[in-house]
Each structure stands twice: as C-alpha cells, then as structure tokens.
Amino acid sequence: MSLMPAADTTASTPTETRRPPAERPAASGSAKYLGWLFAVAIAAAAFNLRPVVTSLGPLLDQVRADLGMNPTLAGLLTAVPSLCFALFGFAAPAAARRIGPIAVITAGMGAIAAGVLARSFAGGTAVFLLLTALALAGVAVSNVLLPVVIKRYFPEKVGPMIGLYSMALSAGTALAAAVTVPLTSAFGGDWRYGLGVWAALGALALLLWLPVLIAKRERGERAGGNAVPAKLPITRSRTAWALAGFFGLQASGAYMVMGWLPKIFQDAGIDKGTSGVLLAVTMVIGVPVSYVLPNLAARRGDQRPFVVVLASCGIAGYAGLALAPAGAPWVWAVLVGLSNCAFPLVLTMIGLRARTAGGVAQLSAFAQGIGYLISVPGLILIGRIYDVTGQWYWPLGFLALLLVPQMLFGLRAALARYIEDEAVHPGEPAGA
C-alpha cells in the first residue's frame, strides 16, 4: 500500500502550481519518503503507549518494598493509568487546536521518555507517582490524537494505518511484559534499571517525530480544520456514548487481564514461568489480529459481526478460566487475547464514525476519556470480589457478565453513522 499522506490542497500557493515540471518528481519523492517516515513514527509512538504500565506490573512488589509503599498506595498506582488517560485525554483536543496534533504527540513522546527515566530515580512514593503520571500524560494525549493524525493524513488508509498502530501497540505491550524481568536480572536485579531502560524507546520515538513536526508544522497548526466546529455538542450523539461505553468495558477486561491473569493461573497450580508465558500469549495474539482486524472492519459499512465474535471469545475464555483454568490454559489464553482485540476494533470505529479529523479528535477524546472513567469502578470491584470470596470464580463470572453490555454498546456503535449528524440538531447551524 502507499503510505504517502494525503495532499493538503489548502496549503497550495500559486507559486507551487507554476512549479517547473522538473521539480515535481523530486517533491513527489520527498513526499513519499516523508510518508514512510510518518508511518514509522506512528508505529514507534504506538509501541510506547503501554510499556509505562506493563513494565511496572512484574516489578511492583520490588518497587513497593524499596519505596515503602503501603497497600493502599499500591492499589492507587494500579488505578492511576485509567485516571490519567481520562483526565489528560479530555485536554488533548484543545491542545491540538492550539498547537496542532503532531506537536502534541511529539511533546507526548518527550513526556513518556522523561517520566519513565526520571521515575526510576525517584526516592519516595509521591515523586514516583507524579513522574508516572507525567509519562501517562504523554500516553493519554497520544492515545487520543494518533487516530486523529491517521484520519487527517491517511484518509484513504484508515484501516491499514489503525492496524499498524494497533499492531505496534500490542507488540510494545507484549515485549514489556515479557522482558522486563529478564532485563532487570541482567542489570543486577535493580528495578530502577529495569524500568528506566524503557525510556530509550520513548527517546527514539521522539527523534522520529521531530522531523515530522518540522515538515508538517504549518499543517499541524490547523489541527481542527475549518470543517468542524470548535465545540461540537458531542454529548447529543448516541454513537459517541455507545463508543464510550464499548471502550470503557473493553478496557476493564483488558486491564484486569494484564494485572491478574498470571495469578489466576498460579492459583490453579500453574508455575510462575508458565503463567508469565500464558500472559504473553494473550498479548502476542493481538499483534497479527490488531493489524488484520481494522483492515477488515474498515471495509464494511458496519462492524457488528466483529463485535459479536470478540465478545463470544471473551465469554468462552472467562468461563474456561472460572471452571477449569488448568484444564486447557493455552486455549483460554488465546480466547481472552482475541477478546481483548476489541481495542483495535473500537479505535477503528472512532476513526470511521466522524467525517473530519476535527470530529475524530473530539470523538476520540470523549470516547476514551469517558471510557477510562467507566473502567475504573469495574477494576476496583473485581479486586474487591476476589478479596471477599478468595477465589476467581465470581470475579471471572462478573467479567463474563460485563461482556453482555459491552456487546450491546458495540452493536450500537458499529452502525454506519456520523457523530456530526447526531450531535447537531436538524436545522441548527453546525457552529451554534
């Protein structure tokens, strides 16, 4: 496929239209190389969106012991990602309108690199939490604005580019979960090096985004464009609310799996090494699926069949984990991993449910901001149910039950509609 970004005809000048023919091939060649650089930069940014979280999980006990973190603060630490994603995600569109989405994402990569590196030198819990929040702020704004950049600069390749983005995100998630402990051991068992090493990937992504920022500077400053109002009344859109519900419920399941799946297998008698590999399986399965699924979904008028299939995989996987976790653990891991591919599906739908990049910016912020807030109570409740019952049967049953409203929200969000049509009342000017 061609990865050359779509031309921005509004940026053309009379001088450019009278450019001698001999100069045009060079310009075209430059645009081609810039397109490939842009695609690589998007993949690098996506790769950095989860190691901030998944690198910490395997080392959490060591971090708690070294920093003197009590159980309450440790519990808060697990909720910080969703809270930061919601808080900073809401602010992303305003920042994008002011300085452009590319500039915001570039700053986000800098925040990830700086936060991850600096927190590895934190001497206390409060500083560690604040620096983690800094890194997560970079993750949050990039989460929201990467689909916007894709919609704007690759309007004819939304499916493939969302697939590239989702595949890179899944790969980063899996890699951080799989190699953080071995890396820490290689550095003498010091968790500070095991966490801090991930700052290098953030720095690499920053270096890739800087030339994109320079090349796209004028276009980036007009992030919202003139085709969409600055304050679209998005809360009037049923599709926007359905996407928020779908996003939030799938996030509850995904973060529960990342945080608890190894313990579920260990409580069933499976050794720690194997349980870690099983967790990696759930994440690795998302790498190829996250590329293929958005391409397939973007070709359809609606995405309802995919919603039903992924929810069914989740129900089957959670049922297997509840009833016979050691009976067929590899099957349950694959099924749960497939269920978690609702994430690239909802990202694809966000890109398809708005007419313009500005609309995608507002929809992405709304769906992710509200969605992450929706996910927090479920994550807390799952832990509470386990504390009370001392077994995984009821928490897993609760997760399976959540897939029913997730599917219902997804079926509504999957209809081929645009939020601009729903948010603005008939006969009311779009800028009202």
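This is a predicted model: local features need pLDDT of at least 70, side-chain atom pairs count only at pLDDT 80 or more; totals for chains, interfaces and linings use all residues.

User: Okay. How many helices and strands does the protein have?

Analyst: There are 20 helices and 0 strands.

User: And what share of the residues is buried?

Analyst: 54% of the 432 residues count as buried. The accessible surface is about 17,900 Å², and carbon and sulfur atoms make up 67% of that.

User: Which residues touch the most other members in the largest nonpolar core?

Analyst: Those are F38, I42, Y165, W209 and L345, in a core of 89 residues. Helix α7, residues 125-153, gives the most to this core, with 14 residues. There's also another core apart from it, with 28 residues, including M256 and L402.

User: Switching topic: which residues are buried in helix α4?

Analyst: L60, V63 and L67 are buried in α4, which covers residues 60-67. Seen down the axis, the buried residues of α4 fall within an arc of 65 degrees, so they line one face of the helix.

User: And what's on the other side of α4?

Analyst: D61 and A65 are there, and they're exposed. Just after α4 comes G68, with a positive phi of about 70 degrees.

User: I also noticed α15 and α16. At what angle do their axes cross?

Analyst: Roughly 145 degrees, and the axes come within 7 Å. α15 is residues 304-323 and α16 is residues 329-339. The crossing of α15 and α16 is left-handed.

User: Which residues in α15 and α16 meet?

Analyst: From α15, the list includes L310, C313, G314 and Y318, and from α16 it includes W332, L335 and V336. G317 and G320 in α15 are also among them.

User: Last one: is S170 buried or exposed?

Analyst: S170 has 12% relative accessibility, and under 20% means buried, so S170 counts as buried. S170 lies in helix α8, residues 158-186.

User: What does S170 touch, leaving out residues up to four places away in sequence?

Analyst: S170 touches M283, G286, V287 and S290.

Note on methods:
Residues are numbered from 1 along each chain as its sequence is written. Side-chain values use heavy atoms; hydrogens and water are left out. Helices (H or I, at least four residues) and strands (E, at least two) are DSSP runs, numbered from the N terminus. Buried means under 20% relative accessible area, exposed over 50%, partly exposed in between (1.4 Å probe, protein chains only). Accessible areas come from the Shrake-Rupley method with a 1.4 Å probe; for residues, only the protein chains shown count as cover. The arc is that of the directions from the helix axis to the C-beta atoms. A nonpolar core is a set of buried Ala, Val, Leu, Ile, Met, Phe, Trp, Tyr and Cys residues joined through side-chain atoms within 4.5 Å. Axes are lines fitted to C-alpha atoms, for helices over the stretch in contact, and angles run from 0 to 180 degrees between N-to-C directions. A crossing is left-handed if the near helix is turned anticlockwise from the far one by less than a right angle, and right-handed if clockwise. Contact means heavy atoms within 4.5 Å.
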